[in-house]
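Hi,

Here is the structure I said I would pass on.

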Amino acid sequence: METDNSQLHAGGRPSKLNDEVIERSLYYIENHQDFGDVVPTIEGLAYELHVSRSTLYKWADEHDGFSYIFERLKAAQAKKLLSGGLSSELNATITKLMLTKHDYSDKQGVDVTSGGEQ
């Protein structure tokens, strides 16, 4: 019997990543509230898929299809955080903290080179 090595992890273990995992991941992103999550998170996805966060990061690095899942999750998370923060539906402090992971910041840049002149 031949073994398909295209889905092997380091150490020779087969990857759990398959079409069902992709479908379950997309379902989680769109229906995260059904799982008790206010916003979709990598931690929540890892929990629901019964894998570690490091496995998700590895899949995202190694598989374009799962990289899309990660980007979709991050976009859904940022959208929910922005909407929830603006409507005061979500805790402002936690929202601000989580948005830093999406390159949002409340720091103001200081122009020290041009003296404010263009």
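**Notes on the helices**

Phe35 is found in the loop between H1 and H2. Before going further: this is a predicted model, where local features need pLDDT of at least 70 and side-chain atom pairs count only at pLDDT 80 or more, while totals for chains, interfaces and linings use all residues. Residues are numbered from 1 along each chain as its sequence is written, and side-chain values use heavy atoms, with hydrogens and water left out. Helices are DSSP runs (H or I, at least four residues), numbered from the N terminus.

Back to Phe35: its relative accessibility is 31%, so it counts as partly exposed (buried means under 20% relative accessible area, exposed over 50%, partly exposed in between, with a 1.4 Å probe and protein chains only). Leaving aside residues up to four places away in sequence, Phe35 touches Tyr27, Tyr28 and Glu48 (contact means heavy atoms within 4.5 Å). From Phe35 to Leu45 it is 10 residues in sequence and 9.6 Å in space, C-alpha to C-alpha.

Now H1 (residues 19–30). Its 12 residues should span 16 Å at 1.5 Å a residue, and the end C-alpha atoms are 17 Å apart, which agrees (the expected span is 1.5 Å times one less than the number of residues). Val21, Ser25, Tyr28 and Ile29 are the buried residues of H1. They cover an arc of only 100° around the axis, which puts them on the same side of H1 (the arc is that of the directions from the helix axis to the C-beta atoms). Asp19, Glu20 and Glu23 are exposed on the other side of H1. The cover over the buried residues of H1 includes H2 (42–49), H3 (53–62) and H4.

H3 has Leu56, Trp59 and Ala60 buried. Those buried residues of H3 fall within an arc of 100° seen down the axis, so they line one face of the helix. Exposed Ser54 and Asp61 sit on the face of H3 turned away from its buried side. H1, H2 and H4 are among what covers the buried residues of H3.

Last, H4 (residues 64–86) and H5 (residues 92–99): their axes come within 10 Å and cross at roughly 150° (axes are lines fitted to C-alpha atoms, for helices over the stretch in contact, and angles run from 0 to 180 degrees between N-to-C directions). Gln77, Ala78, Leu81, Leu82 and Gly85 of H4 make the contact with Thr95, Met98 and Leu99 of H5.

Cheers

Key. Helices (H or I, at least four residues) and strands (E, at least two) are DSSP runs, numbered from the N terminus.
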